[in-house]
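Good morning, and thank you for making time for this item. Please bring up the sequence and the structure, and then we shall go through some local features of the backbone.

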Amino acid sequence: MKRFALLFANSLIALGVLAQNNLSFNVDAAKTTISRQIYGHFAEHLGHCIYGGFYVGEKNSTIPNTNGVRNDVIAALKKLKIANLRWPGGCFADTYHWKDGIGPKDKRPTMVNAWWGGVTEDNSFGTHDFLNMCELIGTEPYLAGNVGSGTVQELIDWVQYVSFAGKSPMADLRRQNGREKPWRVSFWGVGNEAWGCGGNMKPEYYADVYRKYATFMTGWSNETKIFRIASGANSKDYNWTEVLMKNIPLNMLGGLALHHYSVINWNKKGPAVDFTEEQYFEIMKQALFMDSLVIKHSAIMDKYDPQKRVALVVDEWGGWYDVEAGTNPGFLYQQNTMRDAMIAGATLNIFHNHCDRVRMANLAQTVNVLQAVILTKEEKMILTPTYHVMEMYNVHQDAKLIPLTIKCNNYTFGKETLPAISASASKDSNNLVHISLVNIDAKNTQDVTINLEGGNLKTVGGRILSSGKLQDHNSFEEPEKIKPAPFQGATLKGKTLSVKMPPFSVVVLELK
(Lines give C-alpha, C1' and ligand atoms only; values in the text may rest on other atoms or scores of the structure.)
Protein backbone atom coordinates (compact mmCIF):
# COMPACT_ATOMS: atom_id res chain seq x y z
CA MET A 1 0.00 0.00 0.00
CA LYS A 2 2.81 2.41 0.89
CA ARG A 3 4.49 1.58 -2.39
CA PHE A 4 1.25 2.31 -4.28
CA ALA A 5 0.85 5.67 -2.52
CA LEU A 6 4.42 6.62 -3.37
CA LEU A 7 3.94 5.63 -7.00
CA PHE A 8 0.70 7.63 -7.13
CA ALA A 9 2.39 10.73 -5.68
CA ASN A 10 5.27 10.41 -8.11
CA SER A 11 2.85 10.09 -10.99
CA LEU A 12 1.16 13.34 -9.96
CA ILE A 13 4.51 15.10 -9.89
CA ALA A 14 5.38 13.63 -13.26
CA LEU A 15 2.13 15.02 -14.64
CA GLY A 16 3.05 18.38 -13.19
CA VAL A 17 -0.18 18.60 -11.21
CA LEU A 18 -0.21 19.24 -7.46
CA ALA A 19 -3.25 19.92 -5.31
CA GLN A 20 -2.26 21.58 -2.06
CA ASN A 21 -2.73 25.26 -2.91
CA ASN A 22 -5.50 26.76 -0.79
CA LEU A 23 -6.46 30.42 -0.50
CA SER A 24 -9.28 31.88 1.54
CA PHE A 25 -10.61 35.37 2.10
CA ASN A 26 -13.68 37.30 3.15
CA VAL A 27 -14.76 39.99 0.71
CA ASP A 28 -16.37 41.95 3.55
CA ALA A 29 -12.95 42.33 5.23
CA ALA A 30 -11.74 44.72 2.51
CA LYS A 31 -10.59 47.86 4.30
CA THR A 32 -7.12 49.27 3.50
CA THR A 33 -6.66 51.07 0.19
CA ILE A 34 -4.05 49.83 -2.28
CA SER A 35 -2.60 53.19 -3.30
CA ARG A 36 -2.37 53.71 -7.03
CA GLN A 37 1.03 55.30 -6.33
CA ILE A 38 2.43 51.77 -5.94
CA TYR A 39 2.22 51.74 -9.75
CA GLY A 40 4.94 54.35 -10.22
CA HIS A 41 7.83 54.22 -12.67
CA PHE A 42 11.35 55.57 -12.90
CA ALA A 43 12.98 57.56 -15.72
CA GLU A 44 16.64 58.34 -15.22
CA HIS A 45 19.11 59.98 -17.56
CA LEU A 46 20.67 56.61 -18.20
CA GLY A 47 21.41 54.94 -21.52
CA HIS A 48 18.48 55.35 -23.91
CA CYS A 49 15.77 55.85 -21.31
CA ILE A 50 15.35 59.58 -21.94
CA TYR A 51 17.21 60.31 -25.16
CA GLY A 52 16.04 57.82 -27.80
CA GLY A 53 13.46 56.36 -25.43
CA PHE A 54 10.99 58.98 -24.26
CA TYR A 55 12.49 61.86 -26.17
CA VAL A 56 13.48 61.93 -29.84
CA GLY A 57 13.55 65.70 -30.28
CA GLU A 58 11.16 68.22 -31.79
CA LYS A 59 12.92 68.11 -35.14
CA ASN A 60 12.41 64.37 -35.61
CA SER A 61 10.21 63.84 -38.68
CA THR A 62 10.28 60.03 -38.84
CA ILE A 63 8.92 59.19 -35.37
CA PRO A 64 5.53 60.78 -34.51
CA ASN A 65 5.99 62.95 -31.44
CA THR A 66 4.54 65.73 -29.37
CA ASN A 67 7.13 68.34 -28.47
CA GLY A 68 9.81 65.70 -29.04
CA VAL A 69 8.21 62.98 -26.89
CA ARG A 70 7.21 59.79 -28.70
CA ASN A 71 3.45 59.50 -29.20
CA ASP A 72 3.54 55.70 -29.03
CA VAL A 73 5.26 55.81 -25.64
CA ILE A 74 2.73 58.35 -24.36
CA ALA A 75 -0.17 56.16 -25.49
CA ALA A 76 1.32 53.00 -23.98
CA LEU A 77 1.94 54.62 -20.60
CA LYS A 78 -1.56 56.14 -20.53
CA LYS A 79 -3.01 52.65 -21.05
CA LEU A 80 -0.72 51.34 -18.32
CA LYS A 81 -2.14 53.99 -15.94
CA ILE A 82 1.23 54.81 -14.43
CA ALA A 83 0.53 56.74 -11.25
CA ASN A 84 3.75 58.71 -10.94
CA LEU A 85 7.05 59.07 -12.77
CA ARG A 86 10.34 59.64 -10.95
CA TRP A 87 12.97 61.85 -12.66
CA PRO A 88 15.87 62.69 -13.29
CA GLY A 89 17.46 59.90 -11.21
CA GLY A 90 18.83 57.81 -9.59
CA CYS A 91 22.49 58.56 -9.19
CA PHE A 92 22.17 61.13 -11.96
CA ALA A 93 19.91 63.29 -9.75
CA ASP A 94 22.73 64.22 -7.39
CA THR A 95 24.81 65.62 -10.25
CA TYR A 96 21.94 67.34 -12.06
CA HIS A 97 21.53 71.12 -11.85
CA TRP A 98 18.01 71.91 -13.00
CA LYS A 99 18.70 75.45 -14.21
CA ASP A 100 20.94 74.00 -16.93
CA GLY A 101 17.82 72.42 -18.44
CA ILE A 102 15.54 75.45 -18.85
CA GLY A 103 15.39 78.30 -21.33
CA PRO A 104 16.28 78.26 -25.04
CA LYS A 105 17.65 74.84 -25.92
CA ASP A 106 20.46 76.18 -28.09
CA LYS A 107 21.79 78.14 -25.12
CA ARG A 108 21.78 75.33 -22.55
CA PRO A 109 25.17 74.10 -21.36
CA THR A 110 26.24 70.51 -21.96
CA MET A 111 27.14 68.10 -19.19
CA VAL A 112 28.95 64.80 -18.86
CA ASN A 113 26.90 61.93 -17.43
CA ALA A 114 29.71 60.58 -15.24
CA TRP A 115 27.56 57.84 -13.71
CA TRP A 116 26.23 56.23 -16.85
CA GLY A 117 28.58 55.76 -19.77
CA GLY A 118 30.45 59.05 -19.62
CA VAL A 119 28.33 60.48 -22.45
CA THR A 120 27.89 64.19 -23.05
CA GLU A 121 24.29 65.40 -22.79
CA ASP A 122 22.99 68.68 -24.18
CA ASN A 123 20.27 69.25 -21.56
CA SER A 124 17.62 69.46 -24.29
CA PHE A 125 15.27 67.44 -22.07
CA GLY A 126 14.70 69.45 -18.91
CA THR A 127 12.10 70.50 -16.37
CA HIS A 128 9.50 71.84 -18.82
CA ASP A 129 9.90 68.83 -21.10
CA PHE A 130 9.46 66.37 -18.26
CA LEU A 131 6.55 68.05 -16.52
CA ASN A 132 4.69 68.72 -19.76
CA MET A 133 5.23 65.06 -20.69
CA CYS A 134 3.71 63.98 -17.37
CA GLU A 135 0.61 66.02 -18.25
CA LEU A 136 0.38 64.25 -21.63
CA ILE A 137 0.66 60.84 -19.94
CA GLY A 138 -1.72 61.79 -17.14
CA THR A 139 0.72 60.93 -14.36
CA GLU A 140 2.06 62.73 -11.30
CA PRO A 141 5.67 63.89 -11.45
CA TYR A 142 8.12 62.83 -8.74
CA LEU A 143 11.20 65.05 -8.78
CA ALA A 144 14.44 63.84 -7.19
CA GLY A 145 16.36 66.79 -5.81
CA ASN A 146 20.11 67.23 -5.93
CA VAL A 147 21.44 66.97 -2.38
CA GLY A 148 24.79 65.34 -3.16
CA SER A 149 26.35 68.13 -5.23
CA GLY A 150 23.64 70.78 -5.01
CA THR A 151 22.64 73.39 -2.46
CA VAL A 152 19.61 74.08 -0.32
CA GLN A 153 18.95 77.26 -2.31
CA GLU A 154 19.01 75.33 -5.58
CA LEU A 155 16.30 72.97 -4.36
CA ILE A 156 14.23 75.82 -2.88
CA ASP A 157 14.36 77.57 -6.25
CA TRP A 158 13.25 74.42 -8.08
CA VAL A 159 10.26 73.99 -5.77
CA GLN A 160 9.21 77.57 -6.35
CA TYR A 161 9.85 77.41 -10.10
CA VAL A 162 7.48 74.49 -10.65
CA SER A 163 4.87 75.09 -7.94
CA PHE A 164 4.51 78.77 -7.02
CA ALA A 165 1.54 80.62 -8.56
CA GLY A 166 2.31 84.11 -7.22
CA LYS A 167 4.99 86.60 -8.09
CA SER A 168 8.57 85.63 -7.26
CA PRO A 169 11.89 85.52 -9.11
CA MET A 170 11.52 81.81 -9.86
CA ALA A 171 7.85 82.05 -10.87
CA ASP A 172 8.69 84.97 -13.14
CA LEU A 173 11.53 82.95 -14.67
CA ARG A 174 9.10 80.12 -15.37
CA ARG A 175 6.73 82.52 -17.11
CA GLN A 176 9.62 83.95 -19.10
CA ASN A 177 10.33 80.42 -20.28
CA GLY A 178 6.78 79.94 -21.54
CA ARG A 179 4.78 78.44 -18.67
CA GLU A 180 2.26 80.74 -16.98
CA LYS A 181 0.56 78.32 -14.56
CA PRO A 182 2.62 76.23 -12.15
CA TRP A 183 2.62 72.44 -12.37
CA ARG A 184 2.32 72.08 -8.57
CA VAL A 185 4.55 69.06 -8.02
CA SER A 186 3.70 67.16 -4.84
CA PHE A 187 6.34 64.38 -4.70
CA TRP A 188 9.93 65.39 -3.95
CA GLY A 189 12.91 63.17 -3.22
CA VAL A 190 15.46 64.77 -0.92
CA GLY A 191 18.53 63.21 -2.50
CA ASN A 192 19.03 59.64 -3.73
CA GLU A 193 20.98 56.76 -2.21
CA ALA A 194 22.74 59.06 0.24
CA TRP A 195 24.51 55.96 1.57
CA GLY A 196 26.19 55.47 -1.85
CA CYS A 197 26.30 57.51 -5.04
CA GLY A 198 24.39 60.32 -3.32
CA GLY A 199 27.34 61.19 -1.08
CA ASN A 200 28.49 58.08 0.83
CA MET A 201 26.96 59.54 3.97
CA LYS A 202 26.41 57.96 7.34
CA PRO A 203 22.75 57.80 8.40
CA GLU A 204 23.24 60.19 11.32
CA TYR A 205 24.77 62.79 8.99
CA TYR A 206 22.14 62.35 6.31
CA ALA A 207 19.33 62.69 8.88
CA ASP A 208 20.61 66.18 9.71
CA VAL A 209 21.10 67.05 6.03
CA TYR A 210 17.56 65.92 5.30
CA ARG A 211 16.14 68.01 8.13
CA LYS A 212 17.90 71.07 6.76
CA TYR A 213 16.69 70.62 3.19
CA ALA A 214 13.18 69.64 4.24
CA THR A 215 12.89 72.76 6.42
CA PHE A 216 13.52 75.20 3.61
CA MET A 217 11.41 73.40 0.98
CA THR A 218 8.18 74.34 2.79
CA GLY A 219 6.64 76.96 5.04
CA TRP A 220 5.89 76.50 8.74
CA SER A 221 2.90 74.27 8.18
CA ASN A 222 3.75 72.85 4.74
CA GLU A 223 0.62 74.53 3.40
CA THR A 224 1.51 73.44 -0.13
CA LYS A 225 1.37 69.79 1.03
CA ILE A 226 4.74 68.80 -0.41
CA PHE A 227 5.33 65.08 0.09
CA ARG A 228 9.01 64.90 1.06
CA ILE A 229 10.73 61.53 0.62
CA ALA A 230 13.95 60.75 2.44
CA SER A 231 16.72 58.71 0.86
CA GLY A 232 16.15 55.37 2.57
CA ALA A 233 17.92 52.09 3.05
CA ASN A 234 19.79 49.88 0.65
CA SER A 235 17.95 46.55 0.87
CA LYS A 236 18.53 45.05 4.36
CA ASP A 237 20.30 48.01 5.98
CA TYR A 238 17.84 48.14 8.86
CA ASN A 239 20.08 50.47 10.86
CA TRP A 240 19.61 53.18 8.22
CA THR A 241 15.85 53.05 8.72
CA GLU A 242 16.23 53.02 12.50
CA VAL A 243 18.46 56.10 12.55
CA LEU A 244 16.29 58.13 10.18
CA MET A 245 13.01 57.29 11.90
CA LYS A 246 14.56 58.12 15.27
CA ASN A 247 16.11 61.44 14.22
CA ILE A 248 13.68 62.98 11.71
CA PRO A 249 10.46 64.50 13.13
CA LEU A 250 7.43 62.81 11.58
CA ASN A 251 5.90 66.13 10.54
CA MET A 252 8.89 66.65 8.25
CA LEU A 253 8.69 63.25 6.60
CA GLY A 254 6.18 62.06 4.02
CA GLY A 255 7.93 58.92 2.89
CA LEU A 256 11.04 56.85 3.50
CA ALA A 257 12.60 55.21 0.45
CA LEU A 258 13.82 51.63 0.08
CA HIS A 259 15.85 50.21 -2.82
CA HIS A 260 16.08 46.51 -3.58
CA TYR A 261 16.98 44.82 -6.85
CA SER A 262 16.64 41.17 -7.73
CA VAL A 263 20.26 40.30 -8.49
CA ILE A 264 22.08 36.97 -8.42
CA ASN A 265 25.54 38.41 -7.84
CA TRP A 266 26.55 42.03 -8.38
CA ASN A 267 29.81 40.91 -9.99
CA LYS A 268 28.19 38.20 -12.13
CA LYS A 269 24.56 39.02 -12.76
CA GLY A 270 23.91 36.47 -15.49
CA PRO A 271 22.22 36.88 -18.88
CA ALA A 272 18.81 38.48 -19.39
CA VAL A 273 17.62 35.81 -21.83
CA ASP A 274 19.81 32.70 -21.95
CA PHE A 275 19.59 31.96 -18.24
CA THR A 276 19.36 28.58 -16.53
CA GLU A 277 16.66 27.39 -14.15
CA GLU A 278 19.17 27.74 -11.33
CA GLN A 279 19.63 31.41 -12.22
CA TYR A 280 15.87 31.82 -12.42
CA PHE A 281 15.43 30.27 -8.97
CA GLU A 282 18.08 32.56 -7.46
CA ILE A 283 16.45 35.65 -8.97
CA MET A 284 13.05 34.65 -7.64
CA LYS A 285 14.55 34.11 -4.21
CA GLN A 286 15.74 37.73 -4.30
CA ALA A 287 12.40 38.98 -5.62
CA LEU A 288 10.43 37.22 -2.86
CA PHE A 289 12.89 38.57 -0.29
CA MET A 290 11.08 41.87 -0.79
CA ASP A 291 8.38 40.55 1.54
CA SER A 292 10.86 40.08 4.39
CA LEU A 293 12.37 43.50 3.73
CA VAL A 294 9.03 45.26 3.84
CA ILE A 295 8.04 43.46 7.05
CA LYS A 296 11.29 44.27 8.86
CA HIS A 297 11.60 47.89 7.73
CA SER A 298 7.91 48.43 8.53
CA ALA A 299 8.40 47.02 12.03
CA ILE A 300 11.14 49.58 12.66
CA MET A 301 8.95 52.36 11.31
CA ASP A 302 6.09 51.18 13.54
CA LYS A 303 8.23 51.82 16.64
CA TYR A 304 8.40 55.52 15.86
CA ASP A 305 5.25 55.89 13.77
CA PRO A 306 2.57 53.49 15.06
CA GLN A 307 -0.13 55.41 13.20
CA LYS A 308 1.68 54.76 9.90
CA ARG A 309 1.81 58.40 8.87
CA VAL A 310 5.04 57.88 6.94
CA ALA A 311 4.89 55.82 3.76
CA LEU A 312 7.46 53.20 2.84
CA VAL A 313 8.38 54.21 -0.72
CA VAL A 314 10.08 51.44 -2.70
CA ASP A 315 11.21 53.80 -5.43
CA GLU A 316 13.68 51.42 -7.08
CA TRP A 317 12.89 47.73 -7.63
CA GLY A 318 13.20 45.14 -10.38
CA GLY A 319 15.50 42.58 -11.98
CA TRP A 320 19.08 43.45 -12.88
CA TYR A 321 21.16 41.34 -15.29
CA ASP A 322 24.21 41.67 -17.51
CA VAL A 323 23.67 44.02 -20.46
CA GLU A 324 22.91 42.63 -23.90
CA ALA A 325 25.94 41.73 -25.99
CA GLY A 326 27.30 44.61 -28.04
CA THR A 327 25.65 47.34 -25.97
CA ASN A 328 27.31 49.98 -23.80
CA PRO A 329 27.86 48.47 -20.30
CA GLY A 330 26.91 51.82 -18.79
CA PHE A 331 23.53 51.90 -20.53
CA LEU A 332 22.03 48.91 -18.64
CA TYR A 333 20.01 47.66 -21.61
CA GLN A 334 18.53 44.20 -21.06
CA GLN A 335 15.78 42.11 -22.61
CA ASN A 336 12.63 41.28 -20.68
CA THR A 337 11.37 37.70 -20.45
CA MET A 338 8.71 35.66 -18.66
CA ARG A 339 11.12 35.64 -15.70
CA ASP A 340 10.53 39.39 -15.41
CA ALA A 341 6.78 38.82 -15.51
CA MET A 342 7.21 36.55 -12.48
CA ILE A 343 9.22 39.23 -10.65
CA ALA A 344 6.66 41.92 -11.44
CA GLY A 345 3.61 39.88 -10.46
CA ALA A 346 5.07 38.57 -7.21
CA THR A 347 6.47 41.97 -6.18
CA LEU A 348 3.21 43.81 -6.78
CA ASN A 349 1.38 41.18 -4.74
CA ILE A 350 3.80 41.86 -1.89
CA PHE A 351 3.19 45.59 -2.11
CA HIS A 352 -0.59 45.06 -2.15
CA ASN A 353 -0.49 42.83 0.91
CA HIS A 354 1.50 45.46 2.82
CA CYS A 355 -0.37 48.49 1.49
CA ASP A 356 -0.89 49.86 5.00
CA ARG A 357 2.77 50.92 4.89
CA VAL A 358 3.87 50.57 1.24
CA ARG A 359 2.00 53.43 -0.41
CA MET A 360 4.34 54.28 -3.27
CA ALA A 361 6.80 52.39 -5.47
CA ASN A 362 8.71 52.83 -8.72
CA LEU A 363 9.77 50.10 -11.12
CA ALA A 364 13.30 50.60 -12.50
CA GLN A 365 13.09 51.68 -15.28
CA THR A 366 10.42 52.71 -17.78
CA VAL A 367 12.11 52.59 -21.20
CA ASN A 368 15.21 50.72 -22.45
CA VAL A 369 16.85 50.36 -19.02
CA LEU A 370 16.82 47.41 -16.57
CA GLN A 371 13.33 45.87 -16.15
CA ALA A 372 11.74 48.17 -18.69
CA VAL A 373 8.08 48.08 -19.67
CA ILE A 374 8.91 49.50 -23.10
CA LEU A 375 11.80 48.92 -25.51
CA THR A 376 12.41 51.15 -28.52
CA LYS A 377 14.52 50.87 -31.66
CA GLU A 378 14.31 53.86 -33.96
CA GLU A 379 10.64 54.01 -35.10
CA LYS A 380 9.77 50.64 -33.53
CA MET A 381 8.42 50.06 -30.02
CA ILE A 382 7.59 46.87 -28.14
CA LEU A 383 5.77 46.18 -24.90
CA THR A 384 7.50 43.74 -22.57
CA PRO A 385 6.03 40.96 -20.39
CA THR A 386 6.51 43.29 -17.42
CA TYR A 387 4.33 45.88 -19.15
CA HIS A 388 1.57 43.34 -19.62
CA VAL A 389 1.64 42.26 -15.97
CA MET A 390 1.39 45.85 -14.75
CA GLU A 391 -1.43 46.55 -17.18
CA MET A 392 -3.34 43.44 -16.01
CA TYR A 393 -2.75 44.40 -12.37
CA ASN A 394 -3.81 48.04 -12.58
CA VAL A 395 -7.37 47.00 -11.68
CA HIS A 396 -6.10 46.99 -8.08
CA GLN A 397 -5.29 50.71 -8.09
CA ASP A 398 -7.15 52.51 -5.28
CA ALA A 399 -9.20 49.38 -4.55
CA LYS A 400 -9.56 47.96 -1.03
CA LEU A 401 -7.22 45.13 -0.09
CA ILE A 402 -8.94 41.87 0.80
CA PRO A 403 -6.66 40.11 3.33
CA LEU A 404 -6.12 36.47 2.44
CA THR A 405 -4.57 33.38 3.90
CA ILE A 406 -2.59 31.07 1.70
CA LYS A 407 -1.20 27.58 1.99
CA CYS A 408 0.68 26.49 -1.09
CA ASN A 409 3.03 23.96 -2.61
CA ASN A 410 6.73 24.59 -2.84
CA TYR A 411 8.68 25.23 -5.98
CA THR A 412 11.74 23.05 -5.44
CA PHE A 413 15.13 23.34 -7.07
CA GLY A 414 17.88 21.13 -5.71
CA LYS A 415 17.64 21.27 -1.93
CA GLU A 416 15.95 24.66 -1.78
CA THR A 417 12.30 25.62 -1.93
CA LEU A 418 10.20 28.71 -2.56
CA PRO A 419 6.42 29.13 -2.26
CA ALA A 420 5.02 28.32 -5.70
CA ILE A 421 2.01 30.63 -5.52
CA SER A 422 1.88 34.37 -4.90
CA ALA A 423 -1.49 36.11 -4.57
CA SER A 424 -3.39 39.24 -3.60
CA ALA A 425 -7.01 40.34 -3.85
CA SER A 426 -9.04 43.55 -3.76
CA LYS A 427 -12.54 45.00 -4.11
CA ASP A 428 -13.02 48.16 -6.17
CA SER A 429 -15.59 50.96 -5.94
CA ASN A 430 -17.94 49.02 -8.24
CA ASN A 431 -17.77 45.98 -5.91
CA LEU A 432 -15.80 44.00 -8.46
CA VAL A 433 -13.35 41.57 -6.85
CA HIS A 434 -9.98 41.01 -8.48
CA ILE A 435 -7.52 38.27 -7.61
CA SER A 436 -3.97 38.29 -8.97
CA LEU A 437 -2.11 34.98 -8.94
CA VAL A 438 1.43 34.04 -9.90
CA ASN A 439 2.73 30.51 -10.32
CA ILE A 440 6.52 30.86 -10.20
CA ASP A 441 7.11 27.10 -10.56
CA ALA A 442 9.22 26.57 -13.67
CA LYS A 443 7.93 23.03 -14.30
CA ASN A 444 4.60 22.29 -12.64
CA THR A 445 1.01 23.28 -13.21
CA GLN A 446 -0.60 24.35 -9.93
CA ASP A 447 -4.22 23.73 -9.00
CA VAL A 448 -5.44 26.49 -6.68
CA THR A 449 -8.60 26.25 -4.57
CA ILE A 450 -9.94 29.59 -3.33
CA ASN A 451 -12.54 29.64 -0.56
CA LEU A 452 -14.68 32.75 -0.79
CA GLU A 453 -16.64 34.32 2.04
CA GLY A 454 -18.76 37.45 1.94
CA GLY A 455 -20.06 39.25 -1.10
CA ASN A 456 -22.46 37.72 -3.60
CA LEU A 457 -20.12 36.57 -6.34
CA LYS A 458 -21.73 34.73 -9.24
CA THR A 459 -19.39 34.89 -12.23
CA VAL A 460 -15.64 34.73 -12.91
CA GLY A 461 -13.52 35.76 -15.86
CA GLY A 462 -9.93 36.77 -16.32
CA ARG A 463 -6.75 36.99 -18.33
CA ILE A 464 -3.49 35.06 -18.33
CA LEU A 465 0.08 35.84 -19.32
CA SER A 466 2.05 32.71 -20.17
CA SER A 467 4.42 31.30 -22.75
CA GLY A 468 6.21 28.11 -23.74
CA LYS A 469 9.60 28.92 -22.17
CA LEU A 470 10.77 31.04 -19.28
CA GLN A 471 13.26 32.64 -21.66
CA ASP A 472 10.56 33.75 -24.11
CA HIS A 473 10.37 37.48 -24.79
CA ASN A 474 8.98 40.02 -27.20
CA SER A 475 11.40 41.23 -29.86
CA PHE A 476 11.27 43.78 -32.64
CA GLU A 477 10.82 40.85 -35.02
CA GLU A 478 8.08 39.25 -32.86
CA PRO A 479 6.58 42.12 -30.87
CA GLU A 480 3.49 40.18 -29.73
CA LYS A 481 4.95 36.78 -28.94
CA ILE A 482 3.83 37.30 -25.32
CA LYS A 483 0.62 39.15 -24.54
CA PRO A 484 -2.41 38.63 -22.27
CA ALA A 485 -5.08 36.18 -23.38
CA PRO A 486 -8.52 35.25 -22.04
CA PHE A 487 -8.24 32.73 -19.20
CA GLN A 488 -10.42 29.64 -19.28
CA GLY A 489 -8.92 27.81 -16.31
CA ALA A 490 -11.16 29.15 -13.52
CA THR A 491 -14.44 27.59 -12.32
CA LEU A 492 -16.75 29.08 -9.67
CA LYS A 493 -19.12 26.74 -7.84
CA GLY A 494 -20.90 28.33 -4.92
CA LYS A 495 -18.22 29.67 -2.58
CA THR A 496 -15.38 27.67 -4.12
CA LEU A 497 -13.20 28.95 -6.95
CA SER A 498 -10.95 26.42 -8.69
CA VAL A 499 -8.03 27.66 -10.78
CA LYS A 500 -5.56 25.70 -12.88
CA MET A 501 -2.35 27.66 -13.47
CA PRO A 502 0.29 26.62 -16.01
CA PRO A 503 3.96 26.83 -15.01
CA PHE A 504 5.42 30.35 -14.75
CA SER A 505 2.17 32.14 -15.45
CA VAL A 506 0.33 35.24 -14.20
CA VAL A 507 -3.46 35.28 -13.91
CA VAL A 508 -5.79 38.14 -12.94
CA LEU A 509 -9.38 37.13 -12.21
CA GLU A 510 -12.48 39.32 -11.99
CA LEU A 511 -15.46 38.18 -9.96
CA LYS A 512 -18.85 39.85 -9.79
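Let me begin with a question: which residue in S20 does Leu401 stand opposite? The residue is Ser426.

Before I go further, a word on conventions. This is a predicted model, in which local features need pLDDT of at least 70 and side-chain atom pairs count only at pLDDT 80 or more, while totals for chains, interfaces and linings use all residues. Residues are numbered from 1 along each chain as its sequence is written, and side-chain values use heavy atoms, with hydrogens and water left out. Helices (H or I, at least four residues) and strands (E, at least two) are DSSP runs, numbered from the N terminus. Two strands are said to pair if DSSP finds at least two bridges between them.

I return to strand S20, which spans residues 421-427. Strand S16, residues 400-401, is joined to S20 by two bridges, and these strands run antiparallel. S20 is also joined to strand S21, residues 433-439, by seven bridges, again in an antiparallel arrangement. Within that pairing, Ala423 stands opposite Leu437. S20 and S21 form a hairpin, with five residues between them. In the turn, Asn431 has a positive phi of about 65°.

How many of the seven residues of S20 are buried? Six are, and the strand is therefore mostly covered, where buried means under 20% relative accessible area, exposed over 50%, and partly exposed in between, with a 1.4 Å probe and protein chains only. As background, side chains in a regular strand alternate between the two faces of the sheet.

I now turn to the cis peptide bonds. One runs from Trp87 to Pro88, with omega near 5°. Pro88 lies in the loop between strand S5, residues 84-87, and strand S6, residues 111-113. A cis peptide bond also joins Gly89 and Gly90, with omega of about 10°. Gly90 is placed in the loop between S5 and S6.

Finally, two residues with positive phi. Glu193, a residue other than glycine, has a phi near 45°. Its place is in the loop between strand S9, residues 187-190, and helix H6, residues 203-217. Why does Glu193 count as buried? Glu193 does so because its relative accessibility is 12%.

Lys308 is not a glycine, yet has a positive phi of about 60°. Lys308 is found in the loop between helix H8, residues 277-304, and strand S12, residues 311-319. Because its relative accessibility is 24%, Lys308 counts as partly exposed.
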